[in-house]
Amino acid sequence: MTNLLLEWAIKTIVILFILVTAVAYVTLMERKVMAFIQLRVGPNRVGVGKFRLWGLMQPLADGLKMIFKEDIIPLQANRWLYVLAPALSLIPALMTFIVIPYGSEITLFGRTIALHVTSFNVGLLYVLALTSVGVYGIVLAGWSSNNKYSLLGGLRSSAQMISYELALGLSIVSVLLYSGTLDLVSIVNAQGGFHGLAWNIFRYPLLILVFVIFYISSLAETNRTPFDLPEADSELVAGYHTEYSSMKFVMFQMAEYLNLITASSIATTLFFGGWNGPSVGRFPVLGPIYFSIKVLAMIFLAMWIRYTVPRFRYDQLMRFGWKFLLPASIVNIIISATVILFLR
Amino acid sequence: MERAERVLFIIFAITAIASALNILLQRSPLYSALSLIGTLLSLSALYLTLHAQFIAAVQIVVYAGAIMVLFIFVIMLLNVPKDQPQIEKQKGLRYLAVPFAGVMIAEMFYVFFDNKRPIRLSSMPMPSGNVDQAVGTTWNIGTALFTDYLLPFEVTSVLILMAVVGAMVLARREGD
Amino acid sequence: MSSLAANKRKTMVPLSWYLALSALLFTIGAVGVFIKRNAITIFLCIELMLNAVNLTFVALSGFFGDVGGQLFVFIVMTVAAAEAAVGLAIIISIFRNRESLNVDEVDSLKL
């Protein structure tokens, strides 16, 4: 029993380390991609000593700058909730990574270690539950800042999140009908046939519609453009994180990028086969490599959309979510059920 | 490692009771709502110890993630003021509540901890057969919901429709 | 639809503890409905009572292996959601008309 606990603890710590580093470098990736699309070069000066290193130490410099900033708490703000809100945003974002499978199995020190922390039999519902809890960080941040821009931004942002959660959940149901289980590890294992290329998108091509709905809903869930009206720079000052500075602001930004990585990981797991790929059976270490490549591709897609598409107005956004995406995902459930009826 | 079960139960039970008491002790309704969320999360953990995985996840998604968000939105939009206990009209009810609570707790002790009653069950059935179809998993609840309990399911859907229409009509401003 | 398992395992937490916790939570909710004067807080205490009953259902379902308890909890959650929506809509209407949420002041049909 203590062996199991030790294994869990070590895996969790390793994943946390990798995640925090990944978030830092995703911010650098964002700036470089933004620069590439806007025909300029991103940050390329921060290096080590004399070597420019293409700006790879930029996240370190940004982190240090943020730590040294003054930590302000507004005078009339609700102190308890003001300090609690960033934590409520960050903790659920970190918790989702224990159910995602990163690889099949590797053999280290004489033991076979499966490359996922746990294998819940309601894994997908757990992820949905954590996105539901993540709404509270934003609502409480908006309320406790005692600032009308923050309050409006917080309420709009959380209303947008709970509206698109429905389309997200229903599009997941379409995939569930094909896979038959909520356990993410089983879903990925079932996509392993045909030299590791039997991904759900190839086996059931009609899932491409579901993937589009899922991706758009997850962009709205994570408050990314084109759905980022509540926190964009030129609207509502800065929305729910107007009054936050230093480490609390860093926690909000980390939570936002972690949510983006989570959404990309879930999309990879459900639609693109997770860690499956050619010859994973012979070299198990290729599993995490394929997984990272696919997740990075999804993140690049999100950034590409961000710097290409203009922003939605808030009422257009709500109308799109309720009147178009929700009926579309229900129609997709009916289509998936019909396909399964004919296949079995 | 069996003591871990007892320790987990005690931790989550104390969190649930402390959050529930906090609902009564706070004057601001926003803090009461947040305490209720704490209770809901503790109860969800307790459902997991009772092999009810689907209900535990659905409790967080539906109850703590949707219903309580609705409560918090209403509290924030209406800017509900804090309670002021010193200017209440019917203070007498407070003196009625404490004996009432005492009676209920005494009754609970009598029913549950009386040695002659067979309610002190301490053996749970193990999941037999296919573990993925045991009681409490999604498969089991789904099949039961659509075979044996189909009528309550359909009636509930009509109930939700009524609630949606009713809420829209009641919360509408004049002239909308 | 009960699955009579052939083997049972001894738990360290007997059923009576879960039922006692449920009764305690129910009592706290009931006392809250008595004591509190704010309409929304009374509503929160009612939700607490519903959750205490949910715990009873799930505990009995777990200890007897019957899934009907958990299904009833599912229905109770749905009904609680519908009730919360309509109840909060009513509270919003009351607040718009009377500018106060204190239930002591909402005690006559005439404004």
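Predicted model: local features only at pLDDT ≥ 70, side-chain atom pairs only at ≥ 80, totals over all residues.
Trainee: Thanks! How far apart are the centres of domain 1 and domain 2 of chain B?

Mentor: Chain B is divided into domain 1, residues 3-87, and domain 2, residues 133-176. Taken over C-alpha atoms, the distance between the centres of these two domains of chain B is 23 Å.

Trainee: Now the chains. Which two chains share the most contacts?

Mentor: Chain A and chain C can be set aside, since they do not touch and their nearest C-alpha atoms are 15 Å apart. There are 2 pairs of chains in contact, and the most contacts are shared by chains B and C.

Trainee: Which element gives the largest share of the side of chain B that touches chain A?

Mentor: In this contact, 15 residues of chain B meet 16 residues of chain A. The chain B side holds 10 nonpolar residues, 4 polar and 1 charged. Its largest share, 11 residues, comes from a helix of chain B spanning residues 53-78, namely α3.

Trainee: Which residues of chain A does B:A57 contact?

Mentor: Here we leave aside the neighbours of B:A57 within four places in sequence. The contacts of B:A57 in chain A are then A:V122, A:L125, A:Y126 and A:A129.

Trainee: Let's look at B:A33. Is it buried or exposed?

Mentor: B:A33 is found in helix α2 of chain B, residues 29-49. A residue counts as buried when 20 or more other C-beta atoms lie within 10 Å of its own. B:A33 has 24 such atoms within 10 Å, so it is buried.

Trainee: Which residue of chain C does B:A33 touch?

Mentor: Not counting residues up to four places away in sequence, B:A33 touches B:M68, B:F71, B:I72 and B:I75 in chain B. In chain C, B:A33 touches C:L44.

Trainee: Which element gives the most residues to the largest nonpolar core?

Mentor: The largest nonpolar core has 155 residues. B:A33, B:A57, B:M68, B:F71 and C:L25 touch the most other members. With 16 residues, the element giving the most to this core is α3(B).

Trainee: On to chain C. Why is it called more spread out than a compact globule?

Mentor: Chain C has 3 helices and 1 strand, running β-α-α-α from the N terminus on. For its 111 residues the globule rule gives 13 Å. Chain C is more spread out than a compact globule because its radius of gyration is well over that, at 19 Å.

Trainee: What percentage of the residues in chain C is buried?

Mentor: The C-alpha atoms of chain C fill a box of roughly 65 × 25 × 15 Å along the principal axes. Of the 111 residues in chain C, the buried ones make up 49%.

Trainee: Last one: which residue takes a positive phi in the hairpin of chain A?

Mentor: Strands β1 (residues 105-108) and β2 (residues 111-114) of chain A pair in the antiparallel sense over 4 bridges. In this pairing, A:L108 stands opposite A:R111. The hairpin has 2 residues between the strands, and the residue with a positive phi near 50 degrees is A:F109.

Definitions and conventions. Residues numbered from 1 in each chain as written. Chains lettered and ligands numbered in written order. Contact = placed C-beta atoms within 7 Å. Rg over C-alpha atoms; globule rule 2.2 N^0.38 Å. Buried ≥ 20, exposed ≤ 12 C-beta atoms within 10 Å, placed from the backbone. Domains from an automatic or database assignment. Nonpolar A, V, L, I, M, F, W, Y, C, P; charged D, E, K, R; others polar. Pairing = 2+ DSSP bridges. Core = buried A, V, L, I, M, F, W, Y, C linked by C-beta atoms within 7 Å.
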